[in-house]
Amino acid sequence: MTASLVDAGAPSHNSVEWRQIDWSRCHREVRRLQARIVKATSEGRWGKVKALQWLLTHSFHGKALAVKRVTENRGKNTPGVDGETWSTPESKSAAIFSMGRQGYRPSPLWRIYIPKSNGKLRPLGIPTIRDRAMQALHLLSLDPVAETIADGYSYGFRTHRSAADAIERCFGVLGKKASPQWVLEGDIRACFDEISHDWLLANVHMDRAILRKWLKAGFVSDGVLSPTEEGTPQGGIISPVLANLALDGLQAMLRDRFTWVSKNKLRGCVNLVRYADDFVITGRSKEFLEHEVLPAVVAFLRERGLELSQEKTLITHIDHGFDFLGQNIRKYGGKLLIRPSDKSVRSLMDKIRDVVRNNKQVKQSTLIRLLNPIVKGWGNYHRHVVAKDTFHKVDFLIWQCLWRWAKRRHPRKRLPWIKNRYFHRVGPRDWVFAADEREPESGRCKTVQASTLEQNNDRSARRCQRRDESI
């Protein structure tokens, strides 16, 4: 009986063994419905889209994948206001059959605050595990619609798109000799917190009753329940897609407002590159961006209850450069170079210094394992741009931190002894911060060494070279 219900994709009140679910079939059935939603969206058949979304959000396969997502991601052990998590196979199986639309009422969000780079606090709303699963379920049906109608040059919170794609687009529109020379740097103030509920309910193609319940669920902070009159909470699974849907249409507005003068060029050299709520718009002159483009953008955002941040919205000449997504984009003598921004370097070094400062007494191998993910992650993010000199500088700054850490541990030892104790020669490289440790299972001795940005960049270059040679 259970097998037949699972195969049919219909909801059931029976139980199912979590470990026996055919996940390949779940993905296949969900992708099949999503493909039909994309086709109906492209044809403008919104009644068909609504019917297919209903099928997907009521299917066993969709519910199973939603539960799987929220119980296997990084926040799986983070409870909401009810303190509940789904950690056992039995609780996950029961959760699949408890996800019904009828009688569903979301719980208030648990509001916490995390520090921002400018010293302010960013509110973060954490839904309960059940509400996160319901959001993941409806996201399966909303994502095909969002991807179909999305702006072509929007890169944030989208499948198979990244910040590197946005930077590549910036190079494409600013790197030529005939490229526009002025850039409008836009940043939306409190984008997630101020999106108009009325606009979302009128324009987002999903179950509006469920969406209204999420938007009006309220939040609990310091034991006090407060209502939510605007915005979509940061921390919800579906919130990034809702924010993208609110900002989609900006590219079409610019295209319609500044009509085409040739096949591939807009009047005023207007080009848009957007990543979430950060965007840049190019223009032929400062006056054109200030008096024509900026008012159009402000009016577009006002309809959605949003406004630009006065302190972060600037108009800059490309020869002076600007920072976007952690990179500095600037022309030097007519040649466009994209480098890691000074702010990004300072942020990395602050994080590394904090790790070293807070681990003065740990073993060397432990410190290496704490630092390596930070260094590798930052290096992989910036390895696509002109970063060799920056990598060399950052490697030296990291070496200074580790040298001070080593000297502090042995204030009475001579410097050559400290060097030989913590820094070794590995292959052709000297002064490598490395340590030997014994593997607990095999008992064999293994050397762990601190990663360097130049070393990781050389490895990446060799991989790219081998890949190009194989093509």
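I began with Arg339, whose charged end sits over the ring of Tyr332, 5.1 Å from its centre; I count a charge as over a ring if NZ of Lys or CZ of Arg is within 6 Å of the ring centre and within 35 degrees of the ring normal. I then looked up Arg111, whose charged end sits over the ring of Phe219, 3.8 Å from the ring centre.

I note that this is a predicted model, in which local features need pLDDT of at least 70 and side-chain atom pairs count only at pLDDT 80 or more, while totals for chains, interfaces and linings use all residues. Residues are numbered from 1 along each chain as its sequence is written, and side-chain values use heavy atoms, with hydrogens and water left out.

Next I searched the whole structure for aromatic pairs and found 13, taking rings of Phe, Tyr and Trp (its six-membered ring) as paired if their centres lie within 6.5 Å, with planes under 30 degrees apart as stacked, over 60 as edge-to-face and the rest as tilted. The rings of Trp399 and Trp403 have centres 5.9 Å apart and planes at 5 degrees, so I recorded this pair as stacked. Both lie in helix α16 (residues 388–409), four residues apart, which means about one helical turn between them; helices here are DSSP runs of H or I with at least four residues.

Trp399 and Trp403 belong to one aromatic cluster, whose members include Phe396, Tyr422 and Trp431.

Definitions and conventions: Helices (H or I, at least four residues) and strands (E, at least two) are DSSP runs, numbered from the N terminus.
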